[in-house]
Amino acid sequence: MTTILPECDIPIPQRQPHIICHDPDNMVLPICNVQTVPGDMTERGCTFAGCRGVVGGPVKDAIQLVHGPIGCAYYTWGTRRNLSDTKLHRKYCFSTDLTEESVIYGGGKKLLNSIIESHELFPEGKAVFVYSTCVVGLIGDDTDSICKQAQEKIGIPVIPFHCEGFRGVSQSLGHHIANRTLFEKVVGTEEPHETTPYDMCIVGEFNIDGDAWIIKPLFERMGVKVLSVFTGNASYSDIPPMHRAKLNIVQCQRSSTYIAKMIHDRYGIPYLNVSLFGMAQTAQALRDVGKFFHLEENAEKVIAQELALYQSRINHYRKKLEGKKCFIYQGAPRAWHWMGPMRELGIETILTATTFGHKDDYEKIMEKAKPGHICIDNPNALEIEEYLLKLKPDFFIGGLKEKYLTYKLGIPFINGHSYEEGPYAGFKGFVNFAKDIDVAVNSPVWKFINQPLEMN
């Protein structure tokens, strides 16, 4: 038997197939990408969160208008640190603020007025992205025709995203909707000013805490021209010419492989899956791109320069972290993206969990896992707490929702969702990552945890 029912799930035995203990001789994957069992306190995001919060939201010069109640507008840039170099993106949040009256009489008029008003107030916006939330799906606003009418009035693209939160089992469907909408309505609508034989797009890179600003120069130093980053710190005008790239590389392979595949199928542009976390994986990504463009020598030169700058610092942190054990809980790909870099630091990953992983994510986790490794699909807070107490990892990598639970249990925490002191990607970013783990794990504050009160 490789599936597990933790004590906290005795009232909901349907959770058992979602939790496994890895046995290479009896390989079983957790059941995944299915509706959450009623009564299970899931931590998943909704379809709207995946569309607005992950893929569409980072486009920096689009007015990101949430068509729904004001509470849905919580998902702004502030919930996910997609850095950009424009104030429009980082300072403002737009919402139609639907109320009970809108539910009764419809929100179409409010949407049209909101698009026009936001454009008048912020004429620097190059497009308007309209995200429909659950209420809009229930009252049936004809957002397509309203957006078309608004586009004729204001003269810039107005793109509707049908991403009502209830549509999918998790935020994963929202990624797909954003990819398909941008592919069908934006990609290929304009040609680039110039092309070169070395044009490439970086897909599924959202510039969390500046990751894209670390990654992009690595490829440019090789002689590759980065035509577009989808969608970290991207301008709206970066998306239409994506069909003229010679190659796409895909970093987040859960949220964005969709658009790379669609570009391949329609325009014949190949794509490569890469990981840009850790020294070895980043070097491999540069080598793969170098091989594609016949720039192998340039790739090796950049790798040598980066290793000369940063390898000794990684060696320093490895000495301080070797033998530690960690619990990784991420959306999906980072769970397996980071297992390799952990090994580079001498750290063993003893448990992985994902919020919206699919079968291929769990296959990649199992390829890297040792026998006895625990893997959980869509964990709830009680499961996380039970396994933190049972396994006692030296640190936990998760998102903000789990941060304080972890601290209350006296376990060091790393914010792998939006970072604390990033960027974490690339060679330089990996040094930041290792440093943050060292600070978290080896902080003297843990000596005072679990001491009798009179001792402190």
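In this briefing, a residue counts as buried when its relative accessible area is under 20%, as exposed when that area is over 50%, and as partly exposed in between (1.4 Å probe, protein chains only). By that criterion Asn233 is buried, with a relative accessible area of 12%.

The model is predicted: local features need pLDDT of at least 70, side-chain atom pairs count only at pLDDT 80 or more, and totals for chains, interfaces and linings use all residues. Residues are numbered from 1 along each chain as its sequence is written, and side-chain values use heavy atoms, with hydrogens and water left out.

**Overall architecture**

- The protein chain contains 17 helices and 14 strands; helices (H or I, at least four residues) and strands (E, at least two) are DSSP runs, numbered from the N terminus.
- The radius of gyration is 23 Å, close to the 23 Å that the globule rule gives for 456 residues, so the protein chain is as compact as a globular protein of that length. This radius is taken over C-alpha atoms, and the globule rule is 2.2 Å times the number of residues to the power 0.38.
- Along the principal axes, the C-alpha atoms fill a box of roughly 65 × 60 × 50 Å.
- Of the 456 residues, 55% count as buried.
- The accessible surface comes to about 19600 Å², and 53% of it belongs to carbon and sulfur atoms; such areas come from the Shrake-Rupley method with a 1.4 Å probe, and for residues only the protein chains shown count as cover.
- Among contacts (heavy atoms within 4.5 Å) between residues at least 6 apart in sequence, 72% join residues at least 24 apart.

**Nonpolar cores**

- A nonpolar core is a set of buried Ala, Val, Leu, Ile, Met, Phe, Trp, Tyr and Cys residues joined through side-chain atoms within 4.5 Å.
- The largest such core has 60 residues, and those with the most contacts inside it are Met200, Phe219, Val289, Met342, Phe395, Phe433 and Ile437. Helix H17 (residues 426-441) gives the most to this core, with 8 residues.
- Apart from this core lies another, of 37 residues, among them Phe161, Val187, Cys201 and Met262.
- Leaving aside residues up to four places away in sequence, Phe219 touches Met200, Ile202, Val224, Val226, Ile249, Leu276, Ala285, Leu286 and Val289.

**Helix H15 and its ends**

- Helix H15 (residues 381-391) has Glu383, Ile384, Glu386, Tyr387 and Leu388 as its buried residues.
- These buried residues pack against strands E1 (19-21), E10 (325-330), E11 (348-354), E12 (374-377) and E13 (395-398), and against helix H16 (400-408).
- At the start of H15, a side-chain oxygen of Asn380 comes within 3.1 Å of the backbone nitrogen of Leu382.
- Lys392 follows H15 and is found in the loop between H15 and E13. Its phi is positive, about 50°, although it is not a glycine. Lys392 is exposed, with a relative accessible area of 62%.

**Strand E7 and the loop to E8**

- The peptide bond from Phe230 to Thr231 is cis, with omega near 5°, and Thr231 is found in strand E7.
- Asn233 is found in the loop between E7 and E8, and its phi is near 55°, a positive value in a residue other than glycine.
- His243 is found in the loop between strand E7 (225-231) and strand E8 (247-250), and it is buried, with a relative accessible area of 4%.
- A polar contact of 3.1 Å joins the side chains of His243 and Glu191. A polar contact is a pair of N or O atoms within 3.5 Å; within protein, one must be able to donate a hydrogen and the other to accept it, and residues adjacent in sequence count only if both atoms are side-chain atoms.
- The side chain of His243 also reaches the backbone oxygen of Pro240 at 3.0 Å.
- Not counting residues up to four places away in sequence, His243 touches Val187, Gly188, Glu190, Glu191, Tyr267 and Ile269.

- The peptide bond from Gly422 to Pro423 is cis, with omega near 0°; Pro423 lies in the loop between strand E14 (413-415) and H17.

**Cysteines**

- A search of the whole structure finds 0 disulfides, a disulfide being a pair of cysteine sulfur atoms within 2.5 Å.
- Cys93 is in no disulfide, and the nearest cysteine sulfur, that of Cys72, is 11 Å away. At 41% relative accessibility, Cys93 counts as partly exposed.
- Cys252 is in no disulfide either, the nearest cysteine sulfur being that of Cys51, 14 Å away. Cys252 is buried, with a relative accessible area of 18%.
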